[in-house]
Each structure stands twice: as C-alpha cells, then as structure tokens.
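Dear colleague,

I am handing over the model we spoke about, and I would be grateful if you could look through it with the notes below at hand.

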Amino acid sequence: MAAARTEFKGGSRGRGPGSRFRAVGRALRLPVTGTARGIRKATHAHGAGESGLGKLIELHGVNGAGDVMITVALASTVFFSVPTDEARGRVALYLAITMAPFTLLAPVIGPLLDRLPHGRRAAMAAAMGARALLALVLSGAVISGSIEMYPAALGVLVASKAYGVVRSAVVPRLLPPRFSLVKANSRVTLCGLLATGVAAPIAAGLQAVGPRWPLYGAFVIFVAGTVLSFTLPPKVDSARGEDRALLAADERHLHGPHRKPVKRPGLRTVGPAVTHALAANAAVRCLTGFLIFFLAFLLRVHPLSGQSAAVSMGIVGVAAGAGNALGTAVGAWLRARAPEIIIVTVLAVVLGTAVTAAVFFSTVLVACLAAVAGFAQALAKLSLDALIQRDVPEQVRTSAFARSETLLQVAWVLGGAVGIVLPLNGTLGLAVGAAIVAAGWLTTVRGLVDSARHKGTARPRVA
C-alpha cells in the first residue's frame, strides 16, 4: 500500500499542472539558451575563453548591435523622412554639426586614452554607458526634431570611436597562446558583422512601431555592454611593459628614449612598412565612407534598374556586408602571409573595379564595387594588424593600434564629407572614388613592395 501511494504521488507530481508549466517554460527557453550556448562555444573556442578574448568578442557584438539601432533611428529621421533635396541639406547639416567637430576630436582620442592605460575596462564601460544615456536623449529629439539631436549624435560618434580605439588596444593583451593577432581581430570583426546583420532587421521592425523604439533598444543593449565591460579580465587594465609608440616614417625620425625634444614629430608610427600600410588602409576607409554617403543619395534618386530606392540600397548594403565578411574570413585563412603584397593587391583590385564601374556604370557593377570595397577594407585592415604585430615592438604595440585606428576613423569621415557634396552623377562619383584609391595606392605601392622584398627584417628601435 505504501509503495502504491508513493507511486501515485510521484505520478501525480509528474502529471500536475506545475510540471506541465515547467516543461512549457523549458521548451520556450530552449531556443534562447541553445543559441546562447552555441554563441558562447564559438566565441570561447581555441583558448579564447580562458584568455578573456571570448568576452571581448561578445562585447564587440553588443557594440555592433547597439550602433546599428542608433544608425537606423537617425537615418530614418534625417534621411528617409523628407524629400531627397531636403534630405541632402539635412544630412549636410548633420555632417557639419557632428562630423566636422568629430574630425577635430578623433585625433585626440587615441593619445588621450594612451594616458589612461590602467583604466581600459572603465573606458569601455564609459563609452557604452554614455551611448545608453545619449540614446534616451535622442529618443526625445527624433520626435520633436530639436537641435539637441546633433550634439547628442556627436556624443554617440565620439563614444563609439573611443570604444573602437580602446578595443584595438585591448586585443593584443587577450591573445591566447599560439593565437595570431590577425585571427583574433578576424573573430572580433566577424562577430560585430554578424551582430549588426541580426540587429538591423530588428531595428527596422522597431522603427515601424515608432521612431523612438530603436533608441530604446539601443539603451538596453548599451546598458548590457556597460556591465559586460567590467567582466573583462583584470589584465586588460595592466600596462606592464608598455610604452607609448613613437611614430616615424623612416629611420631618420626614430630615436632613443626621450632625452631630447623631437625636432620633427611628423606622422607618428613605427617603421616604414606600417606607415605605408596605414596610408593604404586610410585610402580604402576613405572610399568606403565616400560610397556610403554618395550611393545612399544616388540610389534614392536613381535606383538600380527595376528596383525601388529601398531595395537598391538594401542590395548594395548586403553586398558590402558580404564582401566585408568574406574579407575577414580570407584574412584569417591567409594568416598574415605577405601582408604588404596583400594590401597592394587588394588596392589594385578595388581600383580596377572602381574604374570599371565608373566607365561602364550599371546595376551589377555598383553592387560589385560595394562588395569589393567591403572585402578590401576587411582584408587590408587585417594585413595592417599583421604588420603592426610583426614590426612594432611589443611594449608600444597597443599604442600603435590605438593611434592607427583613430587615423582610419578620420579617413572614413573625410570620405563621407566628399560623398555628400558631389553632384548625383554615377560616373563622376565613382571616378572620384577611383581617384581616392589611386592616390593611396600610388603613394604606398613602392614602399610596401620594398618592405616585402626585405621581408620586414629591419625592426625599428623602441622609442
């Protein structure tokens, strides 16, 4: 009888309403928890979990998702909500009020953060928290159209780029054993791209509900990023053995410890190969900034044949994103083999594509140029990272990363400014884009080829 009662009670518990609710809850949680476990397994593979790199990869995904939420909200307010002629004026005003001051501030960000080597987690958390608060400010400004939208957008830009500079400086400190910097940056970049791709349609759906909702989503995401920043390992805040990078394009501008004032600081980087690679990357980044703004207006007025303006911009955006992801994957596969030759080659390819698209302007060629530009940007940046890891002494490497990232961000802003002021003529615009790449390629190809011929054996002195 006792055994029967026990069996009856156990069966009742198994078939009770509480157990059924728990089973339903587990079934509903399974897609979320299963996805989270899969993401954690991918980001923490090959020692990245133990070194802390996995947490940085996840944080960068959060950063990308939050940024795209704000981008969708601002683009809908400044760009899509008004006629084309008015939109050009509003975007020009946006550039003047936000991008112009940012261009002046961006070069200061790297050196300023250089002076705070012990507070990198706090700096990343501050960049996330600032954007969370500014998203709330923008949620009111996009409804009222008040002037406070512009300084808030400037604050978002500065905070976003500050995060990017610190993140570039942090990656070398979190490398697992036998893990190259190129592979680490590939993972970080790819996670950001995937997060952006997932968040973009969600942001568009929230925008359909109301213009404030993507900004509310950004607020939640950046609050999570603020918390995640402090989960990074304590060694992120350690500057043991580091020094500040002295930048010089050749041996004449390199010197020993700062016993004497520098007569001509010039552009500061470490060694000629890195200098030329940085200039080449700046040309590609300038092209991508130019294409984003120029094609956005061009395709709105002259959409791709047989497509609406929204579909045309979507095609070009998907092509650019796919090219960027492919470039990241190829960079990880090449494992920093002959980075100088890679940079010279990808610039030549994007230059040829831009010239072809300008001469034979067509739907397919515009999409191809967007894809090739995205591919070139990703692969050239990873090759630059490989050169910095190879040629820059370890004690100044994080400083060199921070400063190079700042320069590339300024180049993107300048390219966007050129794109907004040009007439909406496809052939003319793509010819200007080709000229930007040609200037970068012609001024760096000789130095990069010479560096590859010497196989980068000459290592600059530490400053």
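This is a predicted model: local features need pLDDT of at least 70, side-chain atom pairs count only at pLDDT 80 or more; totals for chains, interfaces and linings use all residues.

Residues are numbered from 1 along each chain as its sequence is written, and side-chain values use heavy atoms, with hydrogens and water left out.

The chain has 15 helices and zero strands, these being DSSP runs numbered from the N terminus (helices are H or I, at least four residues; strands are E, at least two). Of its 463 residues, 50% are buried, where buried means under 20% relative accessible area, exposed over 50%, and partly exposed in between (1.4 Å probe, protein chains only). The chain exposes about 21300 Å², of which carbon and sulfur atoms supply 68%; accessible areas come from the Shrake-Rupley method with a 1.4 Å probe, and for residues only the protein chains shown count as cover. Among contacts with a separation of 6 or more, 83% are between residues 24 or more positions apart, contact meaning heavy atoms within 4.5 Å.

An unreviewed UniProt entry lists several stretches as "transmembrane region", including residues 311-334 and 341-358; positions are given in the numbering used here, feature names are shortened, and the annotations may be inferred rather than shown by experiment. In the model, residues 311-334 are 100% helix, with end C-alpha atoms 34 Å apart, and residues 341-358 are also 100% helix, with end C-alpha atoms 26 Å apart.

For helix H7 (residues 149-170), the 22 residues should span 32 Å and the end C-alpha atoms are 31 Å apart, which agrees; the expected span is 1.5 Å times one less than the number of residues. Because 18 of those 22 residues are buried, H7 is largely enclosed by the rest of the structure. Helix H9 (residues 213-229) should span 24 Å, and its end C-alpha atoms are 24 Å apart; its buried residues include Pro214, Gly217, Ile221 and Phe222.

A search of the whole structure finds two salt bridges, each defined by a side-chain nitrogen of Lys or Arg within 4 Å of a carboxyl oxygen of Asp or Glu. One joins aspartate 67 and arginine 131 at 2.9 Å, N to O; aspartate 67 lies in helix H4 (residues 53-80) and arginine 131 in helix H6 (residues 120-144), so the pair ties together parts that are 64 residues apart in sequence. Aspartate 67 is buried at 18% relative accessibility, as is arginine 131 at 0%. In the other, the closest N and O atoms of lysine 381 and aspartate 385 are 2.8 Å apart, and these residues, four apart in helix H13 (residues 363-391), are separated by about one helical turn. Lysine 381 is buried at 15%, and aspartate 385 is buried at 1%.

Serine 186, in helix H8 (residues 181-209), is buried with a relative accessible area of 4%. Leaving aside neighbours within four places in sequence, serine 186 is in contact with Thr328, Gly331, Ala332 and Leu382.

Alanine 348, in helix H12, is partly exposed at 33% relative accessibility, and its C-alpha lies 8.3 Å from that of alanine 438, 90 residues apart in sequence. Valine 355 is also found in helix H12 (residues 339-359) and is partly exposed at 40%.

With best regards
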